[in-house]
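Work through the following exercises with the sequence and the model open beside you. Try each task before you read its solution.

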Amino acid sequence: MTPTTPAGVTVEGWGWRHSSRLAWAVRGLDLRIEPGERVLLLGESGAGKSTFLHALAGVVGDDEGESEGSLLVDGQHPAAMRGRTGLVIQDPDSQVILERVGDDVAFGCENLGVPRDEIWQRVRHSLDQIGLDVALDRSTSALSGGQKQRLALAGVLAMQPGLIVLDEPTANLDPAGVTEVRDAVIRVAEATGATIVVVEHRVSVWSDVVDRVVVLAAGGGVIADGAPADVLSRQGKELAARGVWIPEFPPPHPERRTRGEQHTLLTAERLAFGRAKTALGAPFDREILSSQALAITGPNGAGKSTLALTLGGLLAPVDGAVVASPALAAGAGEHPIRWKSRELLTRIGTVFQDPEHQFLTSTVRAELEVGPRALKLSTAEMSDRVDELLTRLRLDKLAEANPFTLSGGEKRRLSVATALATRPQVLVLDEPTFGQDSRTWSELLALLARLVDDGSSVIAVSHDLEFVDALADSTVVLE
């Protein structure tokens, strides 16, 4: 891989806030990142980590909000440094541009005017580096969320930028994929000399391969900065209390209550699940019980999200059936795929992998009120439910913010909360803990555990093995 000139970053008193949010996303930030450094950027959910990365890539504009201070890459405004910074964001769908895998990876290189023959050498090499073993003409829409995440990274690596900024690049990857992607980033850094800034909540993934740890404070500024071993040994307990994932200080797990008698809510009968009438894997047979948490795990591309959407009544089975018990159906019919949206509300709630796919309104509070309003709850009961969720999930200060301006972790908590607001008997969640600091992770876990203990069923697709161990009563592993 061709060596590049690494980029340096200088930040002085910098801050930025979106026009639809009262609070500053970042403020009072002073920081210098030397060319070639590998920096792990930490901080609690909502501390402004993603905003800072977007600013480094030149995609935070004054027309969207208000800024102060100075943020420069190689002494210039990032927007003037076309191709100098490569950004991988939390939502891989937002970075998929073209219909075929090879074309999508080549897109950035084409815009930089790289010669055609060299483009395709870079494309193949980048895909090999991040372990995405698919044909170049494979449809990007056919990729799983985790595969799209690798695709986005391959597109950035192919551009060979001097500064690579990564916003939770391993969030939706299986454990093997986490290691592959992390190692691919480090190989690229070693081969090209590029500067690396990566946001990740879990310290253990990157702490051994970076030079420096920087921790942002939610109220603005930096609360820790130094070599990983020094920062974690000197301030580990304090950082854990602020929500940073410190291996020596794991977050608390909820105490579980004794549950009552279980009964069947859903039955998967010789269920073949897939898309475009093509089944993924073997037929699936399973009873989904009340007061039960079922985890669905397995490698990226195995069909976990597709199975979850089928169990949730949102995708038609390729063959077989998902059958609701009379108690769950309550007169709506035995096949959830035929239920109307209002009939699903209190029966089966679904949280998509991409939170933005289920946002409908212009404020966080209004988003949480959508389901209760459809159920025609009283104003008092609706307010009680919404206020509790806002407080429990640390969204109360964002009640009037636009959902699309939230951080990735905040969006995820909001999407889970919108489903919890209708108190469904079955709750289907796709990667419910991505983007969470250790405190919000623990609070989400506690809410879901209470739901199960109260008699509901939770079906969770997750690569978060600690979450699975803490919540799941049983696990299905797709191959």
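**Exercise 1. How many salt bridges does the structure hold?**

Solution. Begin with the kind of model: it is predicted, so local features need pLDDT of at least 70 and side-chain atom pairs count only at pLDDT 80 or more, while totals for chains, interfaces and linings use all residues. Residues are numbered from 1 along each chain as its sequence is written, and side-chain values use heavy atoms, with hydrogens and water left out. Next, apply the rule that a salt bridge is a side-chain nitrogen of Lys or Arg within 4 Å of a carboxyl oxygen of Asp or Glu. By this rule the structure holds 28 salt bridges.

**Exercise 2. Take the salt bridge between Arg17 and Glu66, and state where its two residues lie and how they are classed by accessibility.**

Solution. First, the side chains of Arg17 and Glu66 meet at 3.0 Å, N to O. The pair links distant parts of the chain, since Arg17 belongs to strand E1 (residues 9-18) and Glu66 to strand E4 (residues 65-73), 49 residues apart; here helices (H or I, at least four residues) and strands (E, at least two) are DSSP runs, numbered from the N terminus. For the accessibility, recall that buried means under 20% relative accessible area, exposed over 50%, and partly exposed in between (1.4 Å probe, protein chains only). Arg17, at 24% relative accessibility, therefore counts as partly exposed, and Glu66, with 38%, is partly exposed as well.

**Exercise 3. Which strands pair with E6, and is E6 buried or exposed?**

Solution. Start with burial: five of the five residues of strand E6 (residues 163-167) are buried, so the strand is largely enclosed by the rest of the structure. Then separate its faces, with Leu163, Val165 and Asp167 on one side and Ile164 and Leu166 on the other, and both sides are covered. Four bridges join strand E5 (residues 85-88) to E6 in parallel, and Thr85 has Leu163 as its bridge partner. E6 also pairs in the parallel sense with strand E7 (residues 195-199), over five bridges, and Asp167 stands opposite Val199 there.

**Exercise 4. What is the span of helix H3, and which of its residues are buried?**

Solution. The buried residues of the helix are Ile119, Trp120, Arg122, Val123, Ser126, Leu127, Gln129 and Ile130. Just after H3, the chain reaches Gly131, which takes a positive phi of about 75 degrees.

How values were computed
Two strands pair if DSSP finds at least two bridges between them.
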